[in-house]
Every structure is written in C-alpha cells, then in structure tokens.
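Please read them with the structure open beside you.

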Amino acid sequence: MDRLERIVSNSIFSLLCVLTILLVFEEKVFVPVWLQPIGRMHPMILHFPIGFIVLLVFANIFRSQLQEESFEKVNRFLLLLTGLTTVLTALMGFFLSMEEGYTSEVMSIHKWIGVGVSYLMYVLILFYHKKKFYQWSLYTSFVGIVIAGHFGAGLTHGINFLTEPIFTKEEEPFDKNEPVLTSLILPILE
C-alpha cells in the first residue's frame with residue numbers, strides 16, 4: 001500500500017504542476033482538437049470528487065463508530081482517490097474552459113475555486129497526520145466543492161438554478177373578464 005500511495009501522491013503532484021503551468025501561461029495555451037474530448041469529460045468526472053469528499057467528511061464525522069485501523073486504511077485510500085480525481089477534474093475543466101464561450105465571471109469563480117480545492121486536497125494528503133489541520137482543511141474543501149458546484153450549475157443551468165423555485169412569483173389566476181392581451185400575452189412577454 002505504501003508503494004501505491006507514493007505513486008498516486010507523486011502523480012497528483014505532477015498533475016498539479018502541469019495544471020499550474022497551464023494556469024500561468026493560460027493566455028498562450030492552445031488546446032488541440034484531440035484534447036478537447038478530454039475537456040468535455042469534465043461534467044462526467046466531476047461527480048467523483050464531489051462524492052468522495054462527502055464520503056471523507058462522513059467518515060470523519062462518524063470516526064468513533066469505526067475501528068481505528070480500518071478507518072485509517074479506508075480514509076487514506078479515499079483521500080488519495082479524492083485527490084487524484086479532483087486534480088483530473090480541474091485539468092479537464094481547464095481544457096473545457098479553453099473552448100469558445102467560457103469567459104464569464106461565473107466561469108472564472110468556478111475555475112479558481114475548483115483549482116483551489118485541487119491544491120487543498122494535495123495539502124490534505126501531505127498533512128494527513130496533523131489531525132486539527134486535516135479536519136479544518138477537509139471541511140474547507142467540502143465547502144469549496146459545494147461553492148464550485150453551485151457556480152458550475154450556474155454555468156450550465158443559469159446562476160439562479162438552485163434558488164429559482166423559491167423566488168419565482170406565483171402566477172395569477174386567469175380572469176375571464178380581463179382582456180386577453182393583459183391576462184395571457186403580457187405575462188408571457190414578461
């Protein structure tokens with residue numbers, strides 16, 4: 001298991017270095033056609049780090065219910081898996097963002113929070129044995145992934161996607177005595 005941990009940890013570090021270089025030279029980066037399908041896999045793979053971070057949080061909340069040795073093995077493996085999928089998701093998102101039409105402020109916020117969570121996951125791997133710091137970083141990454149997910153949903157479904165059902169005004173009932181223009185047509189135009 002130690003060998004696998006070193007391989008995965010070094011892979012995450014290498015991918016973060018590639019991501020950093022891409023971000024630094026973002027204005028000069030050109031994504032070739034053969035790499036664009038990898039970027040378009042971002043919406044598919046992003047669900048893995050979300051689920052894994054939620055599992056990590058629940059495992060740490062209910063840590064006392066598990067045997068210590070079992071918890072350590074499962075938590076460490078899950079942490080490595082989360083770190084790897086998070087950095088892969090950030091890379092794929094970067095490739096996707098290089099396509100036309102991804103220049104909004106929402107996109108920028110989504111990108112930088114996602115990148116931040118990627119780095120934070122690697123920090124979690126490095127400082128795994130510092131329990132207080134680990135707990136703080138884990139919960140911060142959970143909040144970060146929720147916020148990044150909100151802005152990601154805003155990119156695909158509109159920025160008010162989550163709150164839209166709450167804030168939409170109720171339709172007024174149809175009144176047969178009102179003219180058709182004011183009762184049917186104007187609400188559609190609004």
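1. This is a predicted model, and I begin with an aromatic residue, Phe95, which counts as buried because its relative accessibility is 13% and the cut-off for burial is under 20%. Phe95 pairs with Phe94 in an edge-to-face arrangement, with 6.2 Å from centre to centre and 65° between the planes. Phe94 is likewise buried, its relative accessible area being 2%.

2. The count of aromatic pairs comes to seven. One of them joins Phe13 and Tyr122, a tilted pair at 5.9 Å centre to centre with 40° between the planes. This pair links distant parts of the chain, since Phe13 belongs to helix H1 and Tyr122 to helix H6, 109 residues apart. The two partners are placed as follows: Phe13 is partly exposed, with a relative accessible area of 43%, whereas Tyr122 is buried, at 13% relative accessibility.

3. Further aromatic features deserve a look, among them a cluster formed by Phe127, Phe133 and Trp136. Tyr128 has the charged end of Arg76 over its ring, 5.0 Å from the centre, and Lys131 also lies over the face of Tyr128, at 4.6 Å from the ring centre.

4. Helix H7 covers residues 131-157, and its length can be checked: at 1.5 Å a residue, its 27 residues should span 39 Å, and the end C-alpha atoms lie 38 Å apart, which agrees. After H7 comes Gly158, whose phi is positive, near 105°.

5. What does the buried part of H7 pack against? Its buried residues, including Tyr134, Leu138, Ser141, Ile145 and Phe151, pack against helix H4 (47-61), helix H5 (68-97) and helix H6 (105-126).

6. Ser141, which lies in helix H7, is buried, with a relative accessible area of 0%. Residues up to four places away in sequence being left out, Ser141 touches Ile53, Val117, Leu120, Met121 and Leu124.

7. As general background, nonpolar side chains tend to be buried together in soluble globular proteins.

How values were computed:
Residues numbered from 1 in each chain as written. Predicted model: local features only at pLDDT ≥ 70, side-chain atom pairs only at ≥ 80, totals over all residues. Heavy atoms only, no water. Helix = DSSP H or I, 4+ residues; strand = E, 2+ residues; numbered from the N terminus. Expected span 1.5 Å × (residues − 1). Buried < 20%, exposed > 50% of the residue type's maximum accessible area, 1.4 Å probe, protein only. Contact = heavy atoms within 4.5 Å. Phe/Tyr/Trp six-rings, centres within 6.5 Å; stacked < 30°, edge-to-face > 60°. Lys NZ or Arg CZ within 6 Å of the ring centre and 35° of its normal.
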